[in-house]
Amino acid sequence: MAETCLLEVTTLAASALPDAVEGWLSPAEQTRLLGIQASLRRRQYLAGHWLARVLSARAFGGEPAQWRWDDEAGPRPQLLRGGVRAWATLSHSGEHLAAAVAAQPIGLDLELPRRPRDVMALARYLFAPDEIARLLEVEAGAERERLFYVFWALKEARGKRGGEGLQATQARRVSSRRSDAALAEARVWPLGDTGALALAGWPGLVPQARGLPEGLPASHWTYVAAD
């Protein structure tokens with residue numbers, strides 16, 4: 001069970017929610033929901049928190065509504081059912097949603113770019129020197145953007161796994177490197193033209209994934225101190 005990790009990618013339109021949110025949202029979750037005014041953000045919040053429960057039940061037993069959000073867990077989401085704890089991670093990109101649960105800390109980031117970005121300006125602010133160098137080695141345009149979002153998603157996923165989030169100073173001190181599958185602590189799936197889905201966990205992580213295109217290969221990564 002310690003190696004269990006379930007991952008699912010879906011859309012908000014495909015998310016089936018119970019009718020009465022009061023029956024499964026914790027008091028703290030309900031308070032948070034009341035403070036969200038944007039319709040899309042409310043839908044993302046509800047769909048993500050329900051999907052985390054569905055995956056927890058699938059991985060560790062019980063019914064989704066029996067899993068309670070641990071309001072005292074801090075920045076790394078956790079759900080409880082009896083004496084069983086599930087670590088959860090969520091990510092949204094527009095109408096798309098990704099969630100994962102595991103028996104130990106994990107982090108997930110979904111990037112589906114919808115507008116152009118100055119990727120080199122962002123990279124110089126957030127990336128390690130060798131990551132910037134690798135970006136400059138590839139041709140400007142879609143190829144460079146594709147690699148940028150791989151690095152970006154890996155950093156976001158690592159920050160969620162640790163609970164510190166994406167902090168520029170820390171992000172520049174850590175570099176993402178390709179790894180053998182048996183040693184990799186993170187996986188990245190390419191999505192769309194330049195998007196990416198990254199999952200950070202533990203060495204040898206092998207998630208059970210749903211919702212990804214059949215046969216879509218993942219690349220394997222680890223994190224090291226930047227040179």
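User: Which residues of the largest nonpolar core touch the most other members?

Analyst: In this predicted model, the largest nonpolar core has 27 residues, and F127, L135, F148, L154, V188, W221 and Y223 touch the most other members. Helix α5 gives the largest share of this core, nine residues. Apart from it lies another core, of 17 residues, A47 and L90 among them.

User: What makes F148 and V119 count as being in contact?

Analyst: Contact requires heavy atoms within 4.5 Å. Leaving aside neighbours within four places in sequence, F148 meets this criterion with V119, L122, A123, F127 and L135.

User: How is the packing of α3 and α5 described?

Analyst: Helix α3 (residues 119–126) and helix α5 (residues 142–162) pack at an angle of about 35°, and their axes are 11 Å apart. The contact involves V119, M120, L122, A123 and L126 of α3, together with R144, E145, F148, W152 and K155 of α5. By class, seven of these residues are nonpolar, none is polar and three are charged.

User: Why is Q78 called buried?

Analyst: The relative accessible area of Q78 is 7%. Buried means under 20%, so Q78 is buried. Q78 lies in strand β3 (residues 78–81).

User: What makes the pairing of Q78 and R85 a polar contact?

Analyst: The cut-off for a pair of N or O atoms is 3.5 Å. The side chains of Q78 and R85 are joined at 2.5 Å, and the pair therefore counts as a polar contact. The side chain of Q78 also reaches the backbone oxygen of R76 at 3.3 Å.

Key
Residues are numbered from 1 along each chain as its sequence is written. This is a predicted model: local features need pLDDT of at least 70, side-chain atom pairs count only at pLDDT 80 or more; totals for chains, interfaces and linings use all residues. Side-chain values use heavy atoms; hydrogens and water are left out. Axes are lines fitted to C-alpha atoms, for helices over the stretch in contact, and angles run from 0 to 180 degrees between N-to-C directions. Helices (H or I, at least four residues) and strands (E, at least two) are DSSP runs, numbered from the N terminus. Ala, Val, Leu, Ile, Met, Phe, Trp, Tyr, Cys and Pro count as nonpolar, Asp, Glu, Lys and Arg as charged, and the others, Gly among them, as polar. A nonpolar core is a set of buried Ala, Val, Leu, Ile, Met, Phe, Trp, Tyr and Cys residues joined through side-chain atoms within 4.5 Å. Buried means under 20% relative accessible area, exposed over 50%, partly exposed in between (1.4 Å probe, protein chains only). A polar contact is a pair of N or O atoms within 3.5 Å; within protein, one must be able to donate a hydrogen and the other to accept it, and residues adjacent in sequence count only if both atoms are side-chain atoms.
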